[in-house]
Amino acid sequence: MSGVVFKTIAVLVNKFEGELEEYILKENNYRVDSRTKFHSVLMNHCKEIYNFSLNFSLTDSWGFKLANGSFDGMTGALQRKEVDFGGSVLFLKKDRVYVISHGRSTWLLRYEIISYNICKL
Ligand SMILES: *[C@@H]1O[C@H](CO)[C@@H](O)[C@H](O)[C@H]1NC(C)=O
Ligand SMILES: *[C@@H]1O[C@H](CO)[C@@H](O)[C@H](O)[C@H]1NC(C)=O
């Protein structure tokens, strides 16, 4: 895929300093923007293996349905076909399934909920 440039969009909700690529591939502070950083490491491996380039744009929203039925953020960019694929992990939500293709799962999220009862003695 030498010379191929894909358009992608990443979701970053925190402000950062310096170069985007350095920020998302930095191995420290994975607790901040962790989903995008995880996905970027994965994409970087693919870039190296297949030798393509990425043209990144940024948004601060994963994409939520607006009153007129369109989506904002990354889902909106995918819906309007402004990008070839998403640069961040995206939760599978029912309303998104109708407007974009989710492809493969890369991040498995497991919720653990701690339930407790408060007993009055
Ligand atoms: C990778 O792609 C670049 C152009 O983007 C090219 O100059 C280079 O030779 C390619 N590398 C390989 C190993 O094919
Ligand atoms: C839907 O609403 C948003 C926010 O008001 C607007 O930016 C967008 O252009 C609208 N999309 C369509 C298809 O009307």
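A residue counts as near a molecule if one of its heavy atoms lies within 4 Å of that molecule. Keep that in mind for the ligand. One more thing before we start: this is a predicted model.

So, which residues are around ligand 1? They are Ser2, Gly3 and Asn51. Let's take them in turn. Ser2 uses its side chain: a polar atom there lies 3.3 Å from an oxygen atom of ligand 1. Gly3 uses its backbone. A polar backbone atom of Gly3 is 3.5 Å from a ligand oxygen. Then comes Asn51. An N or O atom in the Asn51 side chain is 2.4 Å from an oxygen atom of ligand 1. How much of the ligand does the protein bury? Taken alone, ligand 1 exposes 360 Å², and the protein buries 28% of that.

Next, the surface. Met1, Val4, Ile49 and Tyr50 make a nonpolar patch of about 400 Å². Look at Ile49 in that patch. Ile49 sits in helix H2, which covers residues 34-50. Is Ile49 buried or exposed? Its relative accessibility is 63%, so Ile49 counts as exposed. The cut-off for exposed is over 50%.

Now the aromatic rings. How many aromatic pairs does a search of the whole structure find? Three. Here is one of them: Phe6 with Phe85. Phe85 has 21% relative accessibility, so it counts as partly exposed. Buried would need under 20%.

Another pair is Phe16 with Tyr23. This one is stacked. The centres are 4.6 Å apart, with 15° between the planes. Why stacked? Because planes under 30 degrees apart count as stacked. Are the two partners buried or partly exposed? Phe16 is partly exposed, because its relative accessible area is 26%. Tyr23 is at 9%, so Tyr23 counts as buried.

To recap. Ser2, Gly3 and Asn51 are around ligand 1. Ile49 belongs to the nonpolar patch. And Phe16 stacks with Tyr23. Thank you.

Notes:
Residues are numbered from 1 along each chain as its sequence is written. Chains are lettered from A and ligands numbered from 1 in the order in which they are written. This is a predicted model: local features need pLDDT of at least 70, side-chain atom pairs count only at pLDDT 80 or more; totals for chains, interfaces and linings use all residues. Side-chain values use heavy atoms; hydrogens and water are left out. A polar contact is a pair of N or O atoms within 3.5 Å; within protein, one must be able to donate a hydrogen and the other to accept it, and residues adjacent in sequence count only if both atoms are side-chain atoms. Accessible areas come from the Shrake-Rupley method with a 1.4 Å probe; for residues, only the protein chains shown count as cover. Patches are made of residues with over 30% relative accessible area and no salt bridge: like charges are joined within 9 Å, nonpolar side chains (Val, Leu, Ile, Met, Phe, Trp, Tyr) within 5 Å. A salt bridge is a side-chain nitrogen of Lys or Arg within 4 Å of a carboxyl oxygen of Asp or Glu. Helices (H or I, at least four residues) and strands (E, at least two) are DSSP runs, numbered from the N terminus. Buried means under 20% relative accessible area, exposed over 50%, partly exposed in between (1.4 Å probe, protein chains only). Rings of Phe, Tyr and Trp (its six-membered ring) pair if their centres lie within 6.5 Å; planes under 30 degrees apart count as stacked, over 60 as edge-to-face and the rest as tilted.
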